[in-house]
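Dear colleague,

Please find the structure below. The notes that follow it describe the surroundings of the ligand.

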Amino acid sequence: MSGVDFHYYEPSQGHGLKYNPLNALIAPRPIGWISSRDAEGRVNLAPYSFFNAFNYDPPIIGFSSIAWKDSVRNASETGEFVWNLVTRELGDRMNATSAPLPHGVDEFPIAGLTAVPGRVVNVPRVGESRAAMECKVIDIVQFRNTGGDKVNGWLVLGEVVAVYIDKLLIDDGVYQTAQALPIMRAGGLNDYVQVSPENVFQIMRLTGAGSKEHHGA
Ligand SMILES: Cc1cc2nc3c(=O)[nH]c(=O)nc-3n(C[C@H](O)[C@H](O)[C@H](O)COP(=O)(O)O)c2cc1C
C-alpha cells in the first residue's frame, strides 16, 4: 500500500514496540482448550490460542506449545488429547486453567469443571463445553529457525476421532458458530473478542464449475 507510513521491523532484530505485535496481528484466534492425560493417568486442562484446524478429511487440528508444557508432554506420552469449545460463560474458568501449576495437578476441579470420560480416547472432555473433539496424535513437530536450529516450541497435530456438538447449536443441519458465543484471543495480554450473531455477514463463495470444493475453509 503506497502512502502508508509503516512500522517496519525484522523479528530477528526486535520489534521496537512496547509489546510484541505478532499475536495481535494474527487475531482473533480460536482457543484450543486442551484436555489430556499423562502416562500415569493424571488429567490436565489448559488453553492454547496457537490453535487451528488444518485438514478436512481426515479432520486434523493442532495446537502449539511455547516450551515443553504439560499438554504437549501428555500428548506425546499417551498419544491423545481433546479440544473443548470456550464460550463466553466459560471465559473465567478457561483462564483459571492457564495457571502455571506443577505437572500432575488436575485443573478440572480447580476451575470448577466437570470431567466427562471420553468415548474413543481415554481423556475427559469439559462437561460444561457445548462442543468437543476427541483426537489421536499424528505428529509432534519441534520448530526450527531458518538456521536449522531447534527452538523451544512444538506443534501437536491430532486426527479428530469423535465430535460432540450441543444439538441446540445445530439449525437445519448447520452448526451455528455465533450462537454458541465463542470467545477468541485478541491482541494484548488480557484481550478477547466474543463472536456474536450480529457480527456475522456473508461473502458469497466462488466455486468454479466442476470444483470439488465443498468445504468452508
Ligand atoms: C487464552 C490463552 C491462550 C494461550 N495460548 C497459549 C499457546 O498458544 N501456547 C502456549 O504455549 N501457551 C498458551 N497459553 C498459556 C498456557 O495456557 C499456560 O502456559 C498453561 O499453564 C499451560 O498449561 P499446561 O502446562 O498444563 O499445558 C495461553 C493462555 C491463555 C489464557
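**The ligand and its surroundings**

A polar backbone atom of Ser49 lies 2.8 Å from a nitrogen atom of the ligand, a polar contact being a pair of N or O atoms within 3.5 Å. This is a predicted model, in which local features need pLDDT of at least 70 and side-chain atom pairs count only at pLDDT 80 or more, while totals for chains, interfaces and linings use all residues. Residues are numbered from 1 along each chain as its sequence is written, and side-chain values use heavy atoms, with hydrogens and water left out.

A polar side-chain atom of Tyr48 is 2.6 Å from an oxygen atom of the ligand, and a polar backbone atom of Ser98 is 3.0 Å from an oxygen atom of the ligand. The protein covers 85% of the 640 Å² of accessible area that the ligand has on its own (Shrake-Rupley method, 1.4 Å probe).

In total, 19 residues surround the ligand, each with a heavy atom within 4 Å of it. Asn44, Tyr48, Phe50, Ile66 and Ser71 are the closest. Strand E2 (43-48) gives the most to this shell, with four residues; strands are DSSP runs of at least two residues, numbered from the N terminus. By class, the shell has eight nonpolar, seven polar and four charged residues. Here Ala, Val, Leu, Ile, Met, Phe, Trp, Tyr, Cys and Pro count as nonpolar, Asp, Glu, Lys and Arg as charged, and the others, Gly among them, as polar.

Yours sincerely

Terms used. A polar contact is a pair of N or O atoms within 3.5 Å; within protein, one must be able to donate a hydrogen and the other to accept it, and residues adjacent in sequence count only if both atoms are side-chain atoms.
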